[in-house]
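Hello,

Here is the structure I promised to send over. Please have it open while you read my notes below.

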Amino acid sequence: MNFGDWPKAALRIVTTLWAAALLALAPQVALAQDEAADAPVAAAETTETEAAEAPAYTPLGPEHIKGVPEAGGIDFQPQYTDDGQFAYKMHTYLLVPVITVISLFVLALLLWVVVRYRRKANPEPSKTTHNTFIEVVWTLVPVLILVGIAIPSITLLARQFETAPEDAVTIKATGYQWYWGYSYPDYGEFEVISNMLSDEDADANGEPRNLAVDNRMVVPANTPIRLQTTSADVIHAFAVPSLWFKIDAVPGRLNERLLTINEPGIYYGQCSELCGIKHGFMPIAVEALPREQFEAWIVSKGGTIGGADAAAEDAQSAADAAAAGDAAGAVEAETAEAAAE
Ligand SMILES: [Cu+2]
């Protein structure tokens with residue numbers, strides 16, 4: 001038996017079990033989206049006052065470009081999410097050194113065998129066929145290496161599937177042939193359509209060609225985002241390398257992942273599923289802003305701040321009150337509170 005096979009098979013089984021466990025947890029993710037959409041739009045007055053107070057929105061200039069490919073680059077782009085930084089460290093400080101050491105070690109063994117045991121230098125070949133010690137070593141060491149890689153690898157996998165917290169901002173990216181639409185169900189019913197700029201317009205903006213767009217996907221920085229993707233026609237994929245993010249946009253299906261961007265800036269990505277003749281011309285530009293400026297942008301697009309949330313909360317507390325309407329319910333609630341304290 002090839003010594004490398006069974007540890008690999010074991011790793012594959014472990015990984016498969018993990019994936020199955022994660023899939024079993026997945027349905028919770030799909031339920032989160034409807035709450036905000038069901039809530040009636042209310043509190044228009046507060047929105048108007050807030051709009052008056054909020055600073056006006058101005059798009060970030062090219063000096064804020066952070067996630068962008070460079071000519072001749074061979075490494076990952078700098079990472080601006082915790083998962084990206086974790087993955088980058090695993091790649092740089094674990095995988096690359098392990099790969100390098102193993103490759104050099106195998107190369108050295110080959111060279112040694114070729115030189116030392118060539119026919120001229122070794123006319124009488126040894127008849128040895130077994131060496132228990134060496135066989136144990138060459139089985140155990142690869143197993144330990146694979147386990148050492150599996151631990152951070154499975155950790156990363158699990159982190160990437162973490163469910164967004166309840167107060168995350170929901171943003172839905174819809175792929176169209178061949179542009180993106182971004183809707184913000186927490187802030188009213190509006191969709192921003194994002195088309196690629198021509199080379200001249202991108203150049204005039206100081207932005208890279210084939211990546212600059214007319215309307216960016218504006219998001220809050222340092223805030224958990226429940227990013228959902230779907231498609232109106234064929235399969236697209238929403239991918240932004242510097243945010244460690246790639247998720248398919250499939251017609252009739254809603255995919256969801258948690259995204260938290262660590263700092264304000266502009267991050268470019270591209271559709272990453274061959275989707276037709278202009279597949280290469282539907283870039284993604286994410287603009288992460290501090291919270292107030294993000295809300296100013298929402299207002300500038302005709303969205304409502306807090307309206308849907310507040311209404312949902314009202315509905316929730318009304319439902320709670322109804323449930324706890326009878327005296328027994330009230331006593332139970334009090335007991336529960338006391339227990340919690
Ligand atoms: Cu596409």
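**Two helices side by side**

In helix α5, Asp 83, Phe 86, Ala 87, Met 90, Leu 94 and Val 98 meet Ile 145, Ile 149, Pro 152, Leu 156, Arg 159 and Gln 160 of helix α6. Contact here is when the C-beta atoms of two residues, placed from the backbone, lie within 7 Å. The residues of this contact divide into 9 nonpolar, 1 polar and 2 charged (Ala, Val, Leu, Ile, Met, Phe, Trp, Tyr, Cys and Pro count as nonpolar, Asp, Glu, Lys and Arg as charged, and the others, Gly among them, as polar).

Before going on, please note that this is a predicted model: local features need pLDDT of at least 70 and side-chain atom pairs count only at pLDDT 80 or more, while totals for chains, interfaces and linings use all residues. Residues are numbered from 1 along each chain as its sequence is written. Helices (H or I, at least four residues) and strands (E, at least two) are DSSP runs, numbered from the N terminus.

The axes of α5 and α6 (residues 132–160) come within 11 Å and cross at roughly 165° (axes are lines fitted to C-alpha atoms, for helices over the stretch in contact, and angles run from 0 to 180 degrees between N-to-C directions). The two helices are therefore roughly antiparallel, a label for angles over 145 degrees.

**Gly 84**

Gly 84 also belongs to α5, which spans residues 82–116. Is Gly 84 buried or exposed? Gly 84 counts as buried because it has 22 C-beta neighbours inside 10 Å (buried means 20 or more other C-beta atoms within 10 Å of its own, exposed 12 or fewer, and partly exposed in between, with C-beta atoms placed from the backbone). Leaving aside neighbours within four places in sequence, Gly 84 is in contact with Gln 79, Leu 243 and Trp 244. Its C-alpha atom is separated by 7.4 Å from that of Ser 242, 158 residues away along the chain.

**A covered strand**

Strand β6 (residues 225–231) has 7 of its 7 residues buried. On one side these are Ile 225, Leu 227, Thr 229 and Ser 231, and on the other Arg 226, Gln 228 and Thr 230. β6 pairs with strand β2 (residues 169–176) in the parallel sense over 7 bridges (pairing needs at least two bridges found by DSSP), and Ala 173 stands opposite Thr 229. With strand β9 (residues 255–259), β6 runs antiparallel, joined by 5 bridges; there Ile 225 stands opposite Leu 259.

Best wishes

Terms used:
Parallel < 35°, antiparallel > 145°, perpendicular 65-115°, else oblique.
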